[in-house]
Amino acid sequence: MIFAQPTMTRPYASLLIAATSAILLSACVGSSDKYPSLVIRDFERAQGQFTPVAGEPEAPIRPVASSEDLDALVARAVDAYRRFEQVEMGTIILVAMAQNDSIESNRRQEALVAFANLQAIRSETAVVLADLDRLTAEAVTTFAPQEEIAAARAKVETLIAGQDGTLAGLSETMNQ
């Protein structure tokens, strides 16, 4: 059995809701003397001028890292790069010899281990780059000079780019 709702009650329901709302809202209206005005007051307006105090000049902002610290970071990256170069040729030879071998072969496994070792050495260089990124972020947020950090970062990025090129070539050879 289906019950239909009479259509005549809908207009009355809307009228009843409107009347109830009007009665409830009229209860909110009262004397405005009890509440403060929302108009902007004089002391809330911006006034005056900011003038710099004449006298001693501002001290320059100190760098976040000394030249010696940056040189030490670059030296760590160069050391990792030299170790990468020492292991690189042996890994290239192992990968070339294992290129056509099956995945289960011992030569292929030795090549994979050598490749992983090369990636680990590359990650040591990347850690230095992360340290330089942290120093860059600190320099930016404190308005400290960034030129020396950027120069050190460029040197380390060059080293990493060379390592990435070698690793990409070896990875391609191993995946064939």
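Glutamate 124 is partly exposed, with 34% relative accessible area (buried means under 20%, exposed over 50% and partly exposed in between, with a 1.4 Å probe and protein chains only). Its side chain forms a salt bridge with that of arginine 83 (2.1 Å, N to O); a salt bridge is a side-chain nitrogen of Lys or Arg within 4 Å of a carboxyl oxygen of Asp or Glu. This pair joins distant parts of the chain, with arginine 83 in helix α2 and glutamate 124 in helix α3, 41 residues apart. Asp79, Arg83 and Glu124 are linked in a network of salt bridges.

The model is predicted: local features need pLDDT of at least 70 and side-chain atom pairs count only at pLDDT 80 or more, whereas totals for chains, interfaces and linings use all residues. Residues are numbered from 1 along each chain as its sequence is written, and side-chain values use heavy atoms, with hydrogens and water left out.

The protein contains 4 helices and 0 strands, both taken as DSSP runs numbered from the N terminus (helices H or I, at least four residues; strands E, at least two). Of its 176 residues, 20% count as buried. For helix α4, 29 residues at 1.5 Å a residue should span 42 Å, and the end C-alpha atoms are 41 Å apart, which agrees; the expected span is 1.5 Å times one less than the number of residues.

The buried residues of α4, including Ile149, Val156, Leu159 and Leu167, pack against α2 and α3. Beyond its neighbours within four places in sequence, valine 156 is in contact with Val74, Ala77, Thr125, Val128, Leu129 and Leu132, contact meaning heavy atoms within 4.5 Å.

In total, the structure holds 8 salt bridges. One of them joins arginine 76 and aspartate 131 through their side chains (3.5 Å, N to O); arginine 76 lies in helix α2 and aspartate 131 in helix α3, 55 residues apart. Aspartate 164 and arginine 122 form a salt bridge with their closest N and O atoms 2.6 Å apart. Because aspartate 164 lies in helix α4 and arginine 122 in helix α3, this pair ties together parts that are 42 residues apart in sequence.
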